[in-house]
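Reader: I have not looked at this one before. Can you walk me through it?

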Amino acid sequence: MEKKKQTEDNGQKHYTLEEFLQMERAPDVQYQYHDGEIWEVKEAAVSYNKQHYTIEEYLEMERASNVKHEYYQGEIFAMSGATPRHNWIFTNVFGELCAQLKDDPCRPYGSDMRMHIPENTLFTYPDISIYCGDPTTIDQDEDTVIQPTIIIEILSKSTRDYDRGTKFNLYRDIPTLKEYILIDTEKIGVEFFRINAHNHWVLQEYKTLQQTVQLPTAGVSLSMQNIYKGTRLAKLVK
């Protein structure tokens, strides 16, 4: 997920919505816009600022904030919004999971569910997380849960390296995590990581619409056709 930082050439200038949309067309750069101000979106792996916060301070800030933030080892990172394609894929996947897991002990949750990893201090909001059994909350906050079974992240241009690298390393500290799925938004592609009997993470890749992603821990399957249904990517390969 991303950090946001005010662009160096912004100063105190206020921008129109049209100027913001023109800047958004620039390749490999993403911006956020609010009340005439513009921020360049960066990866969350970059420091948000040098001030350190306690977990209690972070949680208090989150309750009052309209923007989601990650927390890691005393630092706070703002997270950007999602693209229309990201939201479309999320709707496809989450809807399918809800249908298949109806009345099942494993339940899917969306990106409003805040998750904490006590083993390394990370607080974050996975795009989709599945908890088998009742979610366990932390002592400091009843709206923050721990110990997911499956995590699904929908990649963007600015977060793909973070989700594959640093964030996956942090997720591996979750003792209950069995499967980690990355869904590409720039091309047809799913990376499925699962932990095997030897406690090693193994990767299986899916690259065509004819394949089906099996999630054995939850006993569900996601066809690539349904994951990308309605997107421009699916139409391009027909």
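Author: What follows covers the sheet, the aromatic rings, the cores and the salt bridges. This is a predicted model, in which local features need pLDDT of at least 70, side-chain atom pairs count only at pLDDT 80 or more, and totals for chains, interfaces and linings use all residues. Residues are numbered from 1 along each chain as its sequence is written, and side-chain values use heavy atoms, with hydrogens and water left out.

Reader: Sheet then. In what order do the 6 strands of the open sheet come?

Author: The order is S6-S9-S12-S13-S14-S15, with mixed pairing. Strands (E, at least two residues) and helices (H or I, at least four) are DSSP runs numbered from the N terminus, and two strands pair if DSSP finds at least two bridges between them.

Reader: Which strands stand at the edges?

Author: S6 and S15 do; each has a single partner strand, so one side of each is left without a neighbour in the sheet.

Reader: What joins S6 to S9?

Author: There are 4 bridges between S6 and S9 (residues 128–132), and the two run antiparallel. Arg107 stands opposite Tyr131 in S9.

Reader: And how many bridges join S14 to S15?

Author: Those antiparallel strands are joined by 6 bridges. S14 and S15 form a hairpin with 5 residues between them, and Asn199 in the turn has a positive phi of about 65°. Along the pair, Arg194 is opposite Val202 in S15.

Reader: Changing topic. How many aromatic pairs are there?

Author: The structure holds 10. Rings of Phe, Tyr and Trp (its six-membered ring) pair if their centres lie within 6.5 Å; planes under 30 degrees apart count as stacked, over 60 as edge-to-face and the rest as tilted.

Reader: Are Phe168 and Tyr180 stacked or tilted?

Author: Their centres are 4.7 Å apart and their planes at 25°, so the pair is stacked. Phe168 lies in helix H5 (residues 166–171) and Tyr180 in strand S13, 12 residues apart. Phe168 is buried at a relative accessible area of 2%, and Tyr180 is buried at 0%. Buried means under 20% relative accessible area, exposed over 50%, and partly exposed in between (1.4 Å probe, protein chains only).

Reader: What about Phe168 and Phe193?

Author: The ring centres of Phe168 and Phe193 are 4.7 Å apart with planes at 50°, so that pair is tilted. Phe168, Tyr171, Tyr180, Phe193 and Trp201 form one aromatic cluster.

Reader: Which residues touch the most other members of the largest nonpolar core?

Author: Ile183, Ile227 and Tyr228, in a core of 27 residues. A nonpolar core is a set of buried Ala, Val, Leu, Ile, Met, Phe, Trp, Tyr and Cys residues joined through side-chain atoms within 4.5 Å. A second, separate core of 16 residues includes Met113, Leu155, Tyr171 and Phe193.

Reader: Last topic. How many salt bridges?

Author: The count is 8, a salt bridge being a side-chain nitrogen of Lys or Arg within 4 Å of a carboxyl oxygen of Asp or Glu. Asp112 and Lys68 form one, with the closest N and O atoms 2.9 Å apart. Asp112 is exposed at 65% relative accessible area, while Lys68 is partly exposed at 27%.

Reader: Which residues does Asp184 bridge to?

Author: Asp184 meets Arg160 at 3.0 Å, N to O, and Lys187 at 2.8 Å. Arg160 and Asp184 are buried, whereas Lys187 is partly exposed at 47%.
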